[in-house]
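Take a walk through this fold, from the overall layout down to single side chains. Have the sequence and the structure open side by side.

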Amino acid sequence: MSVETIAETLLEKLKTIAKTETVIGEPVRSGESTVVPVSRITIGMGMAGHTGKGDIASSGGGLRIDPVAFLVLKGDDVKVLPIEKAQSALAKIADITPEVLAFLLKNISKKSDEGASK
């Protein structure tokens, strides 16, 4: 496989991973509030190849997704709540509103129960 083919394949896969929906997450509604997670994506990659007696190609890469903030929408009010490095995402949600936390915990336990029953 040529270096060009590897590069094209790798870039297509990275495009799929680094789509808008990954950066701006799916909104979660709870009562009158909507919480939208915002993430940062960091991608690193490298590739090399040699054409000669035998074609040799190699590639590697890494991806990191970090939650950086939450957008909280309530009526016409919009707040940006950044996540501090030392503070977990769950702790930040707890600061937002107890009803959002209760909603998320309820959905997490539902998904866990559904996964266990399969």
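Start with the overall layout. This is a predicted model. The protein has four helices and four strands. Read from the N terminus, the elements run α-α-β-β-β-β-α-α. The protein has 118 residues, and 22% of them are buried. Among contacts with a separation of 6 or more, 47% join residues 24 or more positions apart.

Now turn to the sheet. Strands of a sheet pair through backbone hydrogen bonds, either parallel or antiparallel. Here the four strands form an open sheet in the order β1-β2-β3-β4, and the pairing is antiparallel. Strands β1 (28-30) and β4 (77-82) are the edges, each pairing on one side only. From one strand to the next, the twist averages 25 degrees.

Is D66 buried or exposed? Its relative accessibility is 18%, so D66 counts as buried, because the cut-off for buried is under 20%. Side chains of opposite charge can pair when their charged atoms come close. Which residue meets D66 in a salt bridge? The partner is R64, with 2.8 Å from N to O between the side chains. The count for the model comes to one salt bridge.

Next comes I65, which lies in strand β3 (residues 56-74). At 41% relative accessibility, I65 counts as partly exposed, because that class lies between the 20% and 50% cut-offs. I65 touches T22, S39, R40 and I41, leaving aside residues up to four places away in sequence. Take R40 from that list. I65 and R40 are 25 residues apart along the chain, yet 5.7 Å separates their C-alpha atoms.

I65 also belongs to a group on the surface. Together with I17, I43 and L63, I65 forms a nonpolar patch. The accessible area of these residues together is about 300 Å². Patch members need over 30% relative accessible area, and I65 has 41%.

To close, compare the two positions in turn. D66 is buried and counts so at 18%, while I65 is partly exposed at 41%.

Conventions
Residues are numbered from 1 along each chain as its sequence is written. This is a predicted model: local features need pLDDT of at least 70, side-chain atom pairs count only at pLDDT 80 or more; totals for chains, interfaces and linings use all residues. Side-chain values use heavy atoms; hydrogens and water are left out. A salt bridge is a side-chain nitrogen of Lys or Arg within 4 Å of a carboxyl oxygen of Asp or Glu. Buried means under 20% relative accessible area, exposed over 50%, partly exposed in between (1.4 Å probe, protein chains only). Patches are made of residues with over 30% relative accessible area and no salt bridge: like charges are joined within 9 Å, nonpolar side chains (Val, Leu, Ile, Met, Phe, Trp, Tyr) within 5 Å. Accessible areas come from the Shrake-Rupley method with a 1.4 Å probe; for residues, only the protein chains shown count as cover. Helices (H or I, at least four residues) and strands (E, at least two) are DSSP runs, numbered from the N terminus. Two strands pair if DSSP finds at least two bridges between them. Axes are lines fitted to C-alpha atoms, for helices over the stretch in contact, and angles run from 0 to 180 degrees between N-to-C directions. Contact means heavy atoms within 4.5 Å.
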